[in-house]
Each structure stands twice: as C-alpha cells, then as structure tokens.
Amino acid sequence: MERITKENYYLDIAQTVATRSTCLRKSFGAIIVKNDSIISTGYNGAPRGRKNCSDICRCIRDELNIPRGERYELCRSVHAEANAIIAASRDQMLGSTLYMACLDSKTGELVPHTNSCAMCKRQIINAGIDRVVIRNTKDDYKIVQVSDWIEDDDSLNGKFGY
C-alpha cells in the first residue's frame, strides 16, 4: 500500500468534515493545521440554535437563482472556513494551513476548482493563516499562498463571485 501525501491526508479529513454540512447547495469542510496538529475544523451550516436549510428544506439563494459567490447576506449558513477560524485562537492560527474540500450537496460528488468567498478570504488573512490547500480531485489540489490574496486584492476590481 502506498502512503498518501500529508496534503491528501488532511484533505481527506476536510472532505469528511464536509459531510456534516447542512447546506442544500454545496457542502464545505475546512480544517486548520499547524505543526502537524489539527487546530480546528468547520463546516458550513446555520448558526448554533437556528434551523438549518436541510431542516427546513429551503434555500433562499437557490429560489432566487443567485449565482455562487454572490449575495451571501441571504444565506443562512456560516461558511466552513469561518467556523474553523471561530473555533481556534489566533496565536494557534498564525503561520498555519487551512485545508478545504467541497462536495455537491445533492450528489455527494467532489466539486473541483472551488475557492474561498471574499468574506472568508478576509477572515483567513486576518487570522494569520499562511496557506490554503483546496482539493480538486482525490489526488489533485491547489495551494494558495494567502500573501497572494493580499498582493492581488480582488476586492478592488468590482467583480463578484469566484
């Protein structure tokens, strides 16, 4: 048996975390790792105590045909990256790596070439996270240096989505 890379080991865990998501569109899972220790995990779902979209069988953004990456103020969910950041202390996150995987909530299939939304990018930057590793396929992934999000400030171009 061939040993998997550390990146894919952590991405497997993030993908498993995504199966806890309560979103009817996309199921995201995120874990924050520093010095080979998992600091925190997060998946997308309604804030604690509120009903989840999966409980009420309704997604307002779907009903209004809102494209991905837009109008998140209408979404009931807290994003996976934000939930992982909320669950960790900043000193633990400084210099860490966030691993993320996305599944289609209807099919359970892996969604390749995803990215953090603008709000999550800002939170990742402020948390002091160094890298984001995003799963594309079972073995393929993309590594983003968070410093690139600072240098290439996409909030200045007026484009929405991702």
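This is a predicted model: local features need pLDDT of at least 70, side-chain atom pairs count only at pLDDT 80 or more; totals for chains, interfaces and linings use all residues.
Close-up 1. Leaving aside residues up to four places away in sequence, R61 touches R25, I66, P67, R68, G69, E70, R71, Y72, L74 and C75. R61 belongs to helix α3, residues 60–63. The residue is buried yet has no salt bridge. For R61, the nearest side chain of opposite charge is D62, and the distance is 7.1 Å. The cut-off for a salt bridge is 4 Å between a side-chain nitrogen and a carboxyl oxygen, so D62 does not qualify as a partner of R61. A backbone atom does come close: the oxygen of E70 lies 2.7 Å from a polar atom of the R61 side chain.

**Close-up 2. The salt bridge between R25 and D62.** The two side chains meet at 2.7 Å, N to O. R25 sits in the loop between α1 and β1, while D62 sits in helix α3, so the pair ties together parts 37 residues apart in sequence. R25 is buried, at 15% relative accessibility. D62 is partly exposed, at 30%. R25 is also among the residues that R61 touches.

**Close-up 3. R71 and its partner E73.** The closest N and O atoms of the R71–E73 salt bridge are 2.5 Å apart. E73 is exposed, with a relative accessibility of 58%. R71 is partly exposed, at 44%. R71 lies in the loop between α3 and α4 (80–86). Its backbone has a positive phi of about 55°, although R71 is not a glycine. Most residues other than glycine have a negative phi.

**Close-up 4. H113, another non-glycine residue with a positive phi.** Here phi is about 60°. H113 is found in the loop between β3 and α6 (118–127). Is the residue buried or exposed? H113 counts as exposed, at 58% relative accessibility.

**Close-up 5. The aromatic pair Y10 and Y99.** A pair of aromatic rings is described by the distance of the centres and the angle of the planes. The count of aromatic pairs in the model is two. Y10 and Y99 form a tilted pair, 5.1 Å centre to centre, with 40° between the planes. Y10 lies in helix α1 (residues 6–18) and Y99 in strand β3 (residues 97–104), so the contact ties together parts that are 89 residues apart in sequence. Both Y10 and Y99 are buried. Ring pairs link Y9, Y10 and Y99 into a cluster.

**Close-up 6. Strand β3 and its two pairings.** Seven of the eight residues of β3 are buried. β3 pairs with strand β1 (residues 26–34) in the antiparallel sense, over eight bridges. In this pairing, S27 stands opposite L103 of β3. β3 also pairs with strand β4 (residues 131–135), in the parallel sense and over four bridges. Y99 has V133 as its bridge partner in β4.

**Close-up 7. The salt bridge between D12 and R135.** Side chains of opposite charge can pair when their charged atoms come close. The whole structure holds eight salt bridges. In one of them, the side chains of D12 and R135 meet at 2.8 Å, N to O. D12 is in helix α1 and R135 in strand β4, 123 residues apart, and the pair links these distant parts of the chain. R135 is buried, at 0% relative accessibility. D12 is partly exposed, at 22%. Salt bridges that share partners join D12, R135 and K138 into one network.

Note on methods:
Residues are numbered from 1 along each chain as its sequence is written. Side-chain values use heavy atoms; hydrogens and water are left out. Rings of Phe, Tyr and Trp (its six-membered ring) pair if their centres lie within 6.5 Å; planes under 30 degrees apart count as stacked, over 60 as edge-to-face and the rest as tilted. Buried means under 20% relative accessible area, exposed over 50%, partly exposed in between (1.4 Å probe, protein chains only). Lys and Arg count as positive and Asp and Glu as negative; His and the chain ends are not counted. A polar contact is a pair of N or O atoms within 3.5 Å; within protein, one must be able to donate a hydrogen and the other to accept it, and residues adjacent in sequence count only if both atoms are side-chain atoms. Contact means heavy atoms within 4.5 Å. Two strands pair if DSSP finds at least two bridges between them.
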